Structures are given as structure tokens and as C-alpha cells.
Amino acid sequence: MIKQNVQDIINKQIQAEMYSAYLYLGMAVWCNDQNLNGAAQWFKLQAKEEMAHAMRFYKFLEETNSQIVLKAIDPPPAKWGNLLNVFEDAYKHEQKVTGMIYEIVNLANKEGDHATASMCKWFVDEQVEEEAQTLEIVNQIKMLGDSKGSLFMLDRQLGKRE
Ligand code: FE
Ligand code: CA
């Protein structure tokens, strides 16, 4: 039995993961509009991962006989200045999500809820990867300078993500 306050924070996290998917889809749309189709592909795959994250929390609530409550999802931004800004926002967003995951773990520990704390371990590890991969791309873009050719190469490389 998962306590109500823990159920509530997990339901909030389902919403946050779905918003993440929406945010990355918004970034994919922007990249496509800029003819950065490789980066768009990268963000579409990231959006898919976020939906899988949401479903992981969903499944946990299902398995623990908890109440699943689906909330409204805000629209994502539609405009960015350049590709660096897009990946900087993605990195900032993942840092924020890490904080949210830590809050769930803290609450679970406070409530003696070992099941929730254990389920969150996967997410703690996943967030290390999420932050590392977005920060790596931010740093790569910063190294490019103003050359269109190197941006083109990076876009191609991003499009190879599987
Ligand atoms: Fe996520
Ligand atoms: Ca990931």
C-alpha cells in the first residue's frame, strides 16, 4: 500500500515525464523547421524515452494498486534562438527532473516506503545519463564556433542516434 502523499507525487511525476516528452517534441519541431533533421531525430527519440519513463511510473502505480490520476500537460515553448539554446534548455530541464526524482526518494524514505525508494533507483541512475548526454552535446556545440559546415556535421552525428 502506497501512502496517499507518495501516490500524489508519483502522479505528478507522470505528468512531468509526459511534459518532458512534449518539450522534446517541441524541440524536434523547431529543429525540423531549421533543417536540422538529425537533431530533430535525436529529440524525437528522447521524447519516446520520456513517454517510457511516464509508463514506468504508471506501471508502478498499477502494480501497487494505487490510484492513477492523469493531469493536464502544458504546451512546450516553440521558439529558440539557436541549437545551443535548445540543448542548454534540455540540460537545464534534466537537472530539474533530477531534483524531482530526488524529492520522490526523500519522501519515500521519510515514509519508510521501501518499494517506492527501490523503484526510483533506476531513475536516479537514468538521470545521471540524461544530464551527461545533454551536457556533452552542449559542450560539443560550444566548440563548433560559427562554421555552418561543423554544425552540419554535428547534425548528421545526432541523427545517428538509435
Ligand atoms: Fe524522464
Ligand atoms: Ca536516457
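Student: Which residues are exposed on the other side of H5?
Tutor: Met153 and Arg156 are exposed there; exposed means over 50% relative accessible area, buried under 20%, and partly exposed in between (1.4 Å probe, protein chains only). This is a predicted model, in which local features need pLDDT of at least 70 and side-chain atom pairs count only at pLDDT 80 or more, while totals for chains, interfaces and linings use all residues. Residues are numbered from 1 along each chain as its sequence is written, chains are lettered from A and ligands numbered from 1 in the order in which they are written, and side-chain values use heavy atoms, with hydrogens and water left out.

Student: What are the buried residues in helix H5, and how do you know which side of H5 they are on?
Tutor: Leu154, Asp155 and Leu158 are buried in H5, which spans residues 148-158. Helices are DSSP runs of H or I with at least four residues, numbered from the N terminus. The three cover an arc of only 105° around the axis, so they sit on the same side of H5; the arc is taken from the directions from the helix axis to the C-beta atoms. H2, H3 and H4 are among what covers them, contact meaning heavy atoms within 4.5 Å.

Student: What makes Ser147 a cap of H5?
Tutor: A side-chain oxygen of Ser147 lies 3.2 Å from the backbone nitrogen of Gly149, at the N-terminal end of H5.

Student: Are Glu49 and Glu130 buried or exposed?
Tutor: At 25% relative accessibility, Glu49 is partly exposed. Glu130 is at 0%, so the term is buried.

Student: Why is the pairing of Arg161 and Glu49 called a salt bridge?
Tutor: The term requires a side-chain nitrogen of Lys or Arg within 4 Å of a carboxyl oxygen of Asp or Glu. The N to O distance for Arg161 and Glu49 is 3.3 Å. Arg161 is in the segment after H5 and Glu49 in helix H2, 112 residues apart. Arg161 is buried, given its relative accessible area of 17%. By the same rule, the count is four salt bridges.

Student: What does the salt bridge of Glu111 with Lys3 link?
Tutor: The closest N and O atoms of Glu111 and Lys3 are 2.7 Å apart. The pair links distant parts of the chain, 108 residues apart: Glu111 in the loop between H3 and H4, Lys3 in the segment before helix H1 (4-33). Glu111 is partly exposed at 21%, and Lys3 is partly exposed at 45%.

Student: How are Lys92 and Asp89 separated in helix H3?
Tutor: They are three residues apart, so about one helical turn separates them. Their salt bridge has its closest N and O atoms 3.7 Å apart. Lys92 is exposed at 52%, whereas Asp89 is partly exposed at 29%.

Student: Why is Lys96 called exposed?
Tutor: Its relative accessible area is 55%, so the term is exposed. Lys96 is found in helix H3 (residues 83-110).

Conventions. Helices (H or I, at least four residues) and strands (E, at least two) are DSSP runs, numbered from the N terminus. A polar contact is a pair of N or O atoms within 3.5 Å; within protein, one must be able to donate a hydrogen and the other to accept it, and residues adjacent in sequence count only if both atoms are side-chain atoms.
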